[in-house]
Amino acid sequence: SNLYTKAKEEGKTVLSFEVFPPKKTSGIETVYKALDELAKMNPAYISVTYGAGGTEANNTAIIAEKVKSLGVEPLAHLTCVNNDRVSVEKELDEFKSKGIENILALRGDIVPGIEPKKDFLHASDLCSYIKARGDFELAGACYPEVHMEAKDMVEDIKNLKHKVECGAEHLISQLFFDNEVFYKFQDMARCAGIDVPIAAGIMPVTNTKQIQRMVSMCGASLPANFSRIMQKYENNPEALRDAGIAYAIQQIIDLIANGVDGIHLYTMNNPYVAGKITEAIGSML
Ligand code: FAD
């Protein structure tokens, strides 16, 4: 993909950030402020999440456009679980009109009580559809600890390979705290013939609530040293934040040393945390 080709040729690691639209439109200024800071850190691209059915859905294109105006390449997320062909087409037209060229094609989570739309069953269906239009570069999501609905790693990787064949030109991983888990997944993906760049998703944990939410949402396993350091500082917010940042830096250094294609930082719209990490690793990229 264009976002990774040059870096790969030069033997560099791609650093990217992820932000999410605010729950209410009134919060958009807060994201813009965060983006001003994040853009100065010179990431290869900034991705903007897409609410699979919520109110923030429509702000993805607007925020991605803002990213572009700051001189950073935007990657707009798009989910299909609650979109049909007509609404997908509308979103694509809006992305196009705002000059957005990169899309992370996702299915989105199936929410109990909300009947999924039937036009696109999997992210791969969305990839094929968008590719057929011919005007966007595509990324896909991947799961080092296996997607919750998949029977096992083998089935999940088989589906991932299909997604790549349908047009996903690079992959971004779900967050993980144990690098060994990522390396094992990456080896399996390469063995299966998946040869596109795979970025490692890293989330610096800066408060205890975040950990519980993330673990229940995506089932990330927590290495003993990570749990211990989080426990040690659970009543000291500042120390916990610093420990979370230090842990993320340690993960990233190990990933770079092992030749990872990219680091995708889940910034949680927090430029302070992203700044500390960029400061530590910036010259290594
Ligand atoms: P898929 O690739 O469709 O996979 C979903 C499941 O279906 C997997 O178990 C897979 O093995 C299986 N599968 C895939 N293809 C087939 C097939 N052909 N036949 C049978 N089974 C198949 N959610 C949001 O709502 N908004 C966001 O902005 C967002 N951003 C994300 C960014 C990243 C980097 C990641 C990792 C996740 C993100 N998510 C987001 C969450 C994501 O939507 C959920 O994890 C969702 O449950 C799966 O989406 P997917 O695109 O990976 O689905």
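Residues are numbered from 1 along each chain as its sequence is written. The model is predicted, so local features need pLDDT of at least 70 and side-chain atom pairs count only at pLDDT 80 or more, while totals for chains, interfaces and linings use all residues; side-chain values use heavy atoms, with hydrogens and water left out.

**Stop 1: the ligand**

The shell holds 23 residues, and Tyr 50, Asp 109, Tyr 143, Asp 156 and Lys 163 are the closest. By type the shell divides into 10 nonpolar, eight polar and five charged residues. Here Ala, Val, Leu, Ile, Met, Phe, Trp, Tyr, Cys and Pro count as nonpolar, Asp, Glu, Lys and Arg as charged, and the others, Gly among them, as polar.

Now show the ligand's oxygen atoms. A polar side-chain atom of Lys 163 is 2.7 Å from one oxygen atom of the ligand. The protein covers 84% of the 980 Å² of accessible area that the ligand has on its own (Shrake-Rupley method, 1.4 Å probe).

Colour by DSSP runs (helices H or I, at least four residues; strands E, at least two; numbered from the N terminus). Strand E3 (73-79), strand E4 (102-106), helix H6 (153-165) and strand E6 (170-175) each give two or more residues to the shell. H6 gives the largest share, three residues.

**Stop 2: Thr 79**

Select Thr 79 in strand E3. Thr 79 counts as buried because its relative accessibility is 4%. Buried means under 20% relative accessible area, with a 1.4 Å probe and protein chains only. Leu 106 is 27 residues away in sequence, yet the two C-alpha atoms are 4.5 Å apart.

**Stop 3: Ser 16**

Go to Ser 16 in strand E1 (residues 14-19). Its relative accessibility is 0%, so Ser 16 counts as buried. Its side chain makes a polar contact with the side chain of Tyr 45 at 3.4 Å (N or O atoms within 3.5 Å; within protein, one must be able to donate a hydrogen and the other to accept it, and residues adjacent in sequence count only if both atoms are side-chain atoms). Leaving out residues up to four places away in sequence, Ser 16 touches Tyr 4, Pro 43, Tyr 45, Ile 263, His 264 and Leu 265 (heavy atoms within 4.5 Å).

**Stop 4: helix H10**

Finally, select residues 237-257, helix H10. Its buried residues include Leu 240, Tyr 247 and Gln 251. Among the elements that cover them are helix H7 (179-191) and strand E8 (262-266). Just after H10, Gly 259 has a positive phi of about 80 degrees.

Note on methods
A residue is near a molecule or strand if one of its heavy atoms lies within 4 Å of it. The expected span of a helix is 1.5 Å times one less than its number of residues. Buried means under 20% relative accessible area, exposed over 50%, partly exposed in between (1.4 Å probe, protein chains only).
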